[in-house]
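Please look over the notes below with the structure open beside them.

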Amino acid sequence: METATHLSIRGIAKTFPGRRGWTDRLLKKTSPDFVAIADINLEIPPNTFVSIIGPSGCGKSTLLSIVAGLLPPTQGSVFLGDRPLTQPGPDRGVVFQNYALMPWMTVAENLHFALETVFPTMSLAERKTRVYEYIELVGLKGAERKHPHELSGGMKQRVGIARALAIDPQILLMDEPFGALDALTRGFLQDEVERIWEQQRKTVILITHSIEESLLLSDQIVMMTRGPAAGIAELLTVDFPRPRQRADLDQYPGYHRLKARLEEHLSRETRAIEAARVR
C-alpha cells in the first residue's frame with residue numbers, strides 16, 4: 001500500500017464548446033460556449049472522506065472526472081502530492097453510478113481483469129487471493145461465479161466498489177454510486193461504505209444529492225453553487241465521532257445545524273435555477 005498523499009485542486013475551470021452542427025453552420029449561428037465550473041480550489045488531506053453536494057447541473061461530476069483524469073481541465077491543475085494528475089491512473093479508483101461492469105464476466109473475473117490490467121506482473125496466485133479478499137470485504141462471498149445480469153443493483157454496486165478498492169488506490173472517487181438504488185438498499189450500502197472506510201481509511205471523494213448521506217459519511221462537505229461557472233460556496237466540517245451509526249446520526253451534536261445549513265443552501269440554489277428558467 002502506498003503512503004497516502006495530499007490532494008490539491010488548484011484553479012480548476014472547465015468550458016465546453018457550444019454546439020456547432022450542420023444546421024448551425026447553415027444558419028450561420030453558433031451556441032455560446034458553456035462554462036461548467038470556474039476557479040475551483042480545494043485541499044484534501046490524506047485519509048479524508050469528502051462529499052460534494054450541490055444542485056443538479058452544477059458540475060459535480062465534471063469536477064470528479066477531471067480529478068479522475070477522464071476529462072482535461074480548461075484551466076488549472078490537480079496534484080497528488082507534487083505530482084500533477086493529467087490522465088487516469090491506478091492511484092485513483094472510480095465507482096460509477098451505472099456500475100460499468102463487464103457483462104460477459106463473472107464477479108471474480110471483473111475484479112481479476114482490473115488487477116491484471118493494473119498489475120500485469122502480479123502472480124496469478126496473488127491476484128486470486130486479492131480477488132477473493134475484496135469480494136469478501138464487500139459481502140459477496142458465494143456470488144463469485146455470478147454474472148452481472150444475475151445480480152441485484154446493490155450487488156452490482158458492491159462489485160464496482162470491490163473492483164475499485166482491489167487495485168489499492170490512494171483515492172476512491174464515487175459518482176453518485178447509490179443514486180439508482182431503492183431507499184432500503186441505498187441505506188444498507190451507505191452503512192457498508194462506512195464500515196469499509198473504517199477498515200481501509202482511503203481518501204474518498206463522493207458526489208451525492210443526499211444531505212443525510214453526506215452527513216453520515218463525510219469529514220468535510222463541499223457545497224457547490226449553481227452553474228454556469230459553478231464554484232465552491234462553502235466548506236462544512238463534520239466532526240461527528242466514528243464509527244458512525246445511522247440510527248444515532250440525528251443525536252450527534254451539531255447535526256441539525258449542519259443539516260439545516262445544507263438544506264438552506266440547496267433550496268436557495270435550486271430556486272435561483274428555476275427563476276432563471278422562467279425569465
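This is a predicted model: local features need pLDDT of at least 70, side-chain atom pairs count only at pLDDT 80 or more; totals for chains, interfaces and linings use all residues.

1. H5 against H6. Helix H5 covers residues 153-166, and helix H6 covers residues 183-200. Their axes lie 11 Å apart, at an angle of about 20°. Angles under 35 degrees count as roughly parallel, so H5 is roughly parallel to H6. The crossing of H5 past H6 is right-handed.

2. Residues between H5 and H6. On the H5 side, the contact uses Gly154, Gln157, Arg158, Ile161 and Leu165. On the H6 side, Thr185, Phe188, Leu189, Glu192, Val193, Ile196 and Gln200 take part. By class, six residues of this contact are nonpolar, four are polar and two are charged.

3. H4 against H5. Helix H4 runs over residues 124-137. Its axis comes within 9 Å of the H5 axis, and the two cross at roughly 135°. That angle makes H4 oblique to H5. H4 also passes H5 in a right-handed crossing.

4. Residues between H4 and H5. H4 supplies Arg130, Tyr134 and Leu137. H5 supplies Ala162, Leu165 and Ala166. Five residues of this contact are nonpolar, one is charged and none is polar. Leu165 is listed in the contact of H5 with H6 and also in the contact of H4 with H5.

5. The largest core. How many residues does the largest nonpolar core have? It has 50. Those with the most contacts inside it are Ile161, Met174, Leu215, Ile221, Phe240 and Leu262. H5 gives the largest share of this core, with six residues. In soluble globular proteins, nonpolar side chains tend to be buried together.

6. Ile161. Which residues does Ile161 touch, leaving aside neighbours within four places in sequence? They are Val95, Val138, Met174, Phe178 and Val193. Of these, Val193 belongs to the H6 side of the contact with H5, and Met174 is on the list of core residues with the most contacts.

7. Ala162. This residue sits in helix H5. Ala162 has a relative accessible area of 1%, so it is buried. Beyond neighbours within four places in sequence, Ala162 is in contact with Leu111, Tyr134 and Val138. Tyr134 is one of the H4 residues in the contact with H5. Ala162 and Ala36 are 126 residues apart in sequence, and their C-alpha atoms are 31 Å apart.

8. Leu217. Leu217 is in helix H7, residues 211-217. Buried or exposed? Leu217 is buried, because its relative accessibility is 0%. Leaving aside neighbours within four places in sequence, Leu217 is in contact with Phe49, Gln190, Val193, Glu194, Leu206, Arg242 and Arg244.

9. Gln170. The loop between H5 and S7 holds Gln170. At 10% relative accessibility, Gln170 counts as buried. Gln170 and Thr117 are 53 residues apart in sequence and 17 Å apart in space, C-alpha to C-alpha.

10. Cis peptide bonds. The bond from Gly227 to Pro228 is cis, with omega near 0°. Pro228 lies in the loop between strand S9 (220-224) and strand S10 (232-237). Another cis bond joins Arg242 to Pro243, with omega about -5°. Pro243 lies in the loop between S10 and helix H8 (255-277). Arg242 is also a contact of Leu217.

11. Positive phi. Where is Ala100 found? It is in the loop between strand S6 (92-95) and helix H3 (107-118). Phi of Ala100 is near 55°, a positive value in a residue other than glycine. Ala100 counts as partly exposed at 35% relative accessibility. Glu176 also has a positive phi, of about 45°, and is not a glycine. Glu176 lies in the loop between strand S7 (171-175) and H6. Buried means under 20% relative accessible area, so Glu176, at 18%, is buried.

Note on methods
Residues are numbered from 1 along each chain as its sequence is written. Side-chain values use heavy atoms; hydrogens and water are left out. Axes are lines fitted to C-alpha atoms, for helices over the stretch in contact, and angles run from 0 to 180 degrees between N-to-C directions. Helices (H or I, at least four residues) and strands (E, at least two) are DSSP runs, numbered from the N terminus. Angles under 35 degrees count as roughly parallel, over 145 as roughly antiparallel, 65 to 115 as roughly perpendicular and the rest as oblique. A crossing is left-handed if the near helix is turned anticlockwise from the far one by less than a right angle, and right-handed if clockwise. Contact means heavy atoms within 4.5 Å. Ala, Val, Leu, Ile, Met, Phe, Trp, Tyr, Cys and Pro count as nonpolar, Asp, Glu, Lys and Arg as charged, and the others, Gly among them, as polar. A nonpolar core is a set of buried Ala, Val, Leu, Ile, Met, Phe, Trp, Tyr and Cys residues joined through side-chain atoms within 4.5 Å. Buried means under 20% relative accessible area, exposed over 50%, partly exposed in between (1.4 Å probe, protein chains only).
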